[in-house]
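Have a look at it, then read on.

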Amino acid sequence: MSSCTAAELMDSSPLMAAVPAPTAQELWQRYHRRADADTENALVEKYLPLVASVMGRLAMTLPDHVDQDDLYSVGLVGLLQAMRNYDPSCGTSFESYARVRIRGAMLDELRRMDWVPRTVHEKARKIQEVMSQLEQKLGRTPTEVQMAKALKMTASEYSDLLNEIRPAAFVCLDATNSADGSDSGNLYEVVANPSESGPVEEVSRRELKQVILKRLKDLPEIQRKVLALYYGEDLHLREIADVFGLTESRICQIHSQAILSIRAYLQRYEAGTVRSAAAKRS
């Protein structure tokens with residue numbers, strides 16, 4: 001009878017067959033019972049694709065000098081914080097909760113790096129102001145042609161301007177307004193944080209959600225669809241461009257116009273001037 005090594009016996013024994021990896025649900029149950037390091041590491045490995053996905057979407061708006069490895073590391077920290085703060089009873093799936101926290105951590109790092117020049121932010125705010133004024137006058141969302149005319153430039157020049165402010169437009173919904181026009185606080189914070197929940201915060205989140213949904217209904221159809229595909233279906237801009245048969249640059253312009261329109265609406269809402277536009281429509 002030929003001799004066998006211990007390793008061979010272990011490999012051939014049915015009792016030593018490979019144990020299937022635990023599911024996400026099993027890991028979460030174990031993590032909630034006892035938050036040990038091994039389970040936490042296993043969960044991090046399970047959700048690493050979320051970090052890569054968020055990173056891939058942000059990377060399209062980043063200039064060359066931004067170190068994407070550093071940004072990825074920040075995203076990992078965001079994922080870990082999301083895991084430690086997540087409460088299943090809040091009614092939000094972990095994937096949705098984590099995406100927002102990862103993106104928020106990355107955007108915070110980008111703001112710290114001041115990667116968008118101040119002049120770009122100023123141009124974006126100028127467009128928002130003109131857009132808000134036009135909407136109050138027209139009682140609806142202005143077209144790109146009307147925006148170009150109000151800014152005293154050609155349609156081509158306005159398209160170039162939308163491309164120039166693209167980085168600010170991708171970030172601006174993640175920052176609330178402040179009196180001096182600078183970014184202070186983040187709209188991603190409206191996602192439930194179980195350690196900070198309360199009746200006031202809940203009402204504020206619900207109100208903000210309703211305001212943004214109302215604004216979305218008033219946007220042109222193509223803008224609504226681009227936002228839905230980008231934020232709802234997690235498609236990349238080039239994939240959305242293929243859906244519409246347009247160039248990626250054109251989709252970027254449509255996205256920027258839509259985001260700036262929402263931003264301008266939020267400014268008017270906070271200033272209490274939204275009703276005046278509704279009155280004009282009637």
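Lys225 sits at a relative accessible area of 40%, so it counts as partly exposed. This is a predicted model, by the way. The partner of Lys225 is Glu221: the two form a salt bridge, with the closest N and O atoms 3.0 Å apart. Glu221 is partly exposed as well, at 47% relative accessibility.

Side chains of opposite charge can pair when their charged atoms come close. By the rule used here, the count for this model is eight salt bridges. Here are some of them, side by side:

| Salt bridge | N to O distance | Helix |
|---|---|---|
| Arg118 and Glu122 | 3.7 Å | helix 6 (residues 118-138) |
| Lys214 and Asp218 | 3.8 Å | helix 10 (residues 199-218) |

Arg118 and Glu122 are four residues apart, about one turn of helix 6. Arg118 counts as exposed, at 61% relative accessibility, while Glu122 is partly exposed at 41%. Lys214 and Asp218 are also four residues apart, about one turn of helix 10. Lys214 has a relative accessible area of 39%, which makes it partly exposed, and Asp218 is partly exposed at 34%.

Now for a spot away from the solvent. Is Ser256 buried or exposed? Ser256 has a relative accessible area of 0%, and since anything under 20% counts as buried, Ser256 is buried. Ser256 belongs to helix 13 (residues 248-271). Leaving out residues up to four places away in sequence, Ser256 touches Leu162, Arg166 and Ala169.

Zooming out, what does the secondary structure of the protein chain come to? It comes to 14 helices and zero strands. Of the chain's 282 residues, 40% count as buried. Take the contacts between residues at least 6 apart in sequence: 66% of them join residues at least 24 apart. As for the surface, the protein chain exposes about 15,900 Å², and carbon and sulfur atoms supply 53% of that.

How values were computed
Residues are numbered from 1 along each chain as its sequence is written. This is a predicted model: local features need pLDDT of at least 70, side-chain atom pairs count only at pLDDT 80 or more; totals for chains, interfaces and linings use all residues. Side-chain values use heavy atoms; hydrogens and water are left out. Helices (H or I, at least four residues) and strands (E, at least two) are DSSP runs, numbered from the N terminus. Buried means under 20% relative accessible area, exposed over 50%, partly exposed in between (1.4 Å probe, protein chains only). Contact means heavy atoms within 4.5 Å. Accessible areas come from the Shrake-Rupley method with a 1.4 Å probe; for residues, only the protein chains shown count as cover. A salt bridge is a side-chain nitrogen of Lys or Arg within 4 Å of a carboxyl oxygen of Asp or Glu.
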